[in-house]
Structure formats: structure tokens, C-alpha cells
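Reader: I want to learn how to read a protein model. Can we go feature by feature?

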Amino acid sequence: MTKEQILEALGKVEDPVQKKDIVSLNRVLRADIIGNKIILDIEISSPTMHGKKKLEQEINDALHARFGTDFQLALHLVVQASSSRADNHQVLPGVKNIIAVGSGKGGVGKSTVASNLAIALMKTGAKVGLIDADIYGPSVPTMFDAQFVRPNVIQKADGKTYIEPVDNYGVKLLSIGFFSDQNQAVVWRGPMAAKALSQMFVDADWGELDYLVIDLPPGTGDIPLTMVQTVPVSGAVIVSTPQEVALADVRKAVSMFTNPNIHVPVLGLVENMAWFTPAELPENKYFIFGRDGVRKLAEEANVPLLAQIPLVQSVCESGDKGTPAALQETNPVTPIFKSLADKVIEQLEILSVKQA
Ligand SMILES: Nc1ncnc2c1ncn2[C@@H]1O[C@H](COP(=O)(O)OP(=O)(O)O)[C@@H](O)[C@H]1O
Ligand SMILES: [Mg+2]
């Protein structure tokens, strides 16, 4: 058994997304032999459970076909970093993909989408973090039942102190709301806001994450603008309701992200409150805010429509109760958030293929 033989065998294994073999795609980060043990680190573009299993199986099959059964395999699959991340490792070095969730205006469901997207990504088997950077109305503490949490500060081997994100439901969290008294209206202004925001990115111990979701402040003002300029965002998801007044602001948001000086790829749009469905009439759809407004805008702007999420009472209730809807297997929106997560992963993959 030699390294060359192993690479030759792996040359028959295809990357499920790029449809080329994993050796010529440089996906084999490590291939070593110790005794009868083969040690492999393989980079994967998709961390979905299904994709992982399939690739593991193919690698196993290829090695068995070449070497029979007289070896042990230690296989480690590593999620690929988005290429905007690979170029800029200073901020959040262990984070592979940063997804900013923005909106043209407040109240459209940005935090609801950010929170449930984080949960759905976590359920694919990925390591996920969520930063609530909405200085105007941090709501992640409520949505994750963490209103009274104060994150710990720890000292690490380098002598520096770090804020420890809070772990709830398997997602690591920090919120601008953790840095203020819940009952006191805090008006975060210029430098103070900038400092508190940067602490959550720079002075926090995020460790290794596959995805970090950021709940951005709404709109296209100075603060969201500065944030997307200072944080190396892999891509943005923009949330809107279908009515015309909201759509005007989405156009502005799309042009903020795609402005050549900002250059954050738009992964796609999410139409929230796309229709109302009463729990007792699950087949009925009432288009109370207009129909397909965001779908049409996505076509016009030539960006994907990632999801249409209905207005259902349980989404609001579960947010208020602190258990995001996507955690509940039987909630009608759970499959919609799952599909949103899959599409976001897919768009990040498409971007990394384009940028490679
Ligand atoms: N699809 C939905 N169905 C029911 N209620 C929703 C839905 N999306 C958001 N809400 C509710 O609407 C309110 C505003 O949503 P939120 O996510 O806080 O908006 P934003 O972060 O854009 O200000 C919250 O009370 C939330 O629970
Ligand atoms: Mg919000």
C-alpha cells in the first residue's frame, strides 16, 4: 500500500457537486499510511448528511476495490471554506461561511428567518453560529429563550480574554441584546454600536464553524453598510414580505450588497408572510400582502427565490416562546426552512465553483 496507490484509487471518486474526481479537484488534504491504517482528510463542498454519507461510501468502495479488506480507514471530511473566506482569514479564522441575513426594512421577519435558518443548517449536521447584530431590536435572545443569559468571559492560552458564545439548541449565539439591560431601551449610537458589534466578531471565541449566520440591522443605512464592509461575508440572504412598499426597499438592499465597493454576492431572496394559512384549514392560502411580489422581484433582479414562507400563527408563537419553529418536527414550516437551508448551501457551493 503506497500513497500513490491510494491517490490512484481516490481518482475514481467523484465530487457530488463539481462532477470531477476529488484528486484533480485537490480535495485530498491528507493521505497517510501508518501500519495498515489509511488516514484521509478530504475536503467536501457540502456538509449535508446525505452528501457526506454518499462520499464516505464511495471512498470506502474505491479503497476496498483497490486493497481488499486488509486495512483500516480513518476518514475525516472537512467542509470547504467559501473563497471570500479563504482570502481573508484575519476576522473569524475558524469560520468557513458567513451568511448575512438582511432586509429592506424592519418587521418583515428577518430575525425569524435568521434563527430558523441557523436551526435548519444545524440539523444538516453542520456546526452553526448566529450573531444578532440588530442594534435597533435584538430579538434572538427571545427567540432562543436566552433573555437573561450573560455570556461568560474566558481567558485563553494567548493571555487574551474572549467572550464565550452561548450554546442553545446546538447553535452558538451572541446577541447585541446580551450587552444591555433587557428592560432598558439602549440607543446604540455610532462608536458605541461599532464597538459592541466588533466585540461579537473579534473578541468572541467562535472556534470552528461551518456556517455563521448574521441577523443584520434592517435597511441600507450606515450600520448595516459598515458591517458588510468589515466582516468578510460569503453571501447575503434578503428577506421581504410581498407588498409593494416593502419591495421598493428590497431593491435598495440588493443594490447595496452588489455595489462594486461592497461586492457581497446575493444568495437569494426569501418571501416571508407569502400567504396566510390558518391552522384549522392547512390547505387554504390567503394572499393578504399581495401575491408573488418577491418572486417577481427575484426574477427581475436575476437572483434566486430561496423560499416562500407562509404567515402561520405557530411561527410567531414559537418565536415568542423561545423555541424556533424549525425545531418542531411537525410544524408545517419546518420542511420549508429545511429546503431554505439546502438552497443556501447550494448557492454557496455554486459561488465557490464560480470563484475557484
Ligand atoms: N412567517 C411568519 N408567520 C407568523 N409570524 C411571523 C412570521 N415571520 C415573522 N413573524 C412574526 O412577525 C414579527 C416580526 O418578525 P421578526 O422576525 O422579528 O422581524 P424583523 O427581524 O425583520 O424585525 C415577530 O413577532 C415574528 O414572530
Ligand atoms: Mg429582528
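Reader: How many bridges join E4 to E11?

Author: Five bridges join them, and the two strands run parallel. Strands (E, at least two residues) and helices (H or I, at least four) are DSSP runs, numbered from the N terminus. Two strands pair if DSSP finds at least two bridges between them. One pair of partners is Val-101 and Val-237, the latter in E11.

Reader: What should I know about the model and its numbering?

Author: This is a predicted model, where local features need pLDDT of at least 70 and side-chain atom pairs count only at pLDDT 80 or more, while totals for chains, interfaces and linings use all residues. Residues are numbered from 1 along each chain as its sequence is written, chains are lettered from A and ligands numbered from 1 in the order in which they are written, and side-chain values use heavy atoms, without hydrogens and water.

Reader: In what order do the eight strands of the open sheet stand?

Author: Read across the sheet: E8-E9-E5-E10-E4-E11-E12-E13, with mixed pairing. Then look at the edges. Strand E8 (166-168) and strand E13 (305-311) stand there with a single partner strand each, so one side of each has no neighbour in the sheet. From one strand to the next, the twist averages 25°. Angles run from 0 to 180 degrees between N-to-C directions, and axes are lines fitted to C-alpha atoms, for helices over the stretch in contact.

Reader: Which strands does H8 touch where it packs on the sheet?

Author: H8 touches E4, E11 and E12, and its direction makes about 175° with that of E11. Contact means heavy atoms within 4.5 Å. H9 packs on the sheet too, touching E11, E12 and E13, at about 160° to the direction of E12.

Reader: Which residues of H9 are buried?

Author: Gly-293, Val-294, Leu-297 and Ala-298 are buried. Buried means under 20% relative accessible area, exposed over 50%, partly exposed in between (1.4 Å probe, protein chains only). Down the axis of H9, the buried residues fall within an arc of 135°, so they line one face of the helix. That arc is taken from the directions from the helix axis to the C-beta atoms. On the other side of H9, Lys-296, Glu-299 and Glu-300 are exposed. The buried residues of H9 pack against E11, H8, E12 and E13. After H9 comes Asn-302, with a positive phi near 60°.

Reader: Which residues touch the most other members of the largest nonpolar core?

Author: Trp-206, Ile-214, Phe-257 and Leu-269 do, in a core of 47 residues. A nonpolar core is a set of buried Ala, Val, Leu, Ile, Met, Phe, Trp, Tyr and Cys residues joined through side-chain atoms within 4.5 Å. Elements that give two or more residues to this core include strand E4 (95-103), strand E10 (209-215), helix H8 (244-258) and helix H9 (293-301). H8 gives the largest share, six residues. Apart from this core lies another, of 40 residues, among them Val-237, Ile-309, Val-312 and Val-333.

Reader: What is Trp-206 in contact with, beyond its neighbours within four places in sequence?

Author: Its contacts include Leu-92, Val-95, Ile-131, Pro-165, Lys-172 and Leu-212.

Reader: How many salt bridges does a search of the whole structure find?

Author: The search finds 13. Side chains of opposite charge can pair when their charged atoms come close. The cut-off: a side-chain nitrogen of Lys or Arg within 4 Å of a carboxyl oxygen of Asp or Glu. Take Asp-15 and Arg-27, whose closest N and O atoms are 3.1 Å apart. Both lie in the loop between helix H1 (3-10) and strand E1 (28-34), 12 residues apart. Asp-15 is buried, with a relative accessible area of 2%. Arg-27 is buried as well, at 2%.

Reader: Which parts does the Lys-156 and Asp-205 pair tie together?

Author: These side chains meet at 3.0 Å, N to O. Lys-156 lies in the loop between E6 and E7 and Asp-205 in the loop between H6 and E10, so the pair ties together parts 49 residues apart in sequence. Lys-156 is partly exposed, at 34% relative accessible area.

Reader: Where do Lys-252 and Asp-249 lie?

Author: Both lie in helix H8, three residues apart, about one turn of the helix.
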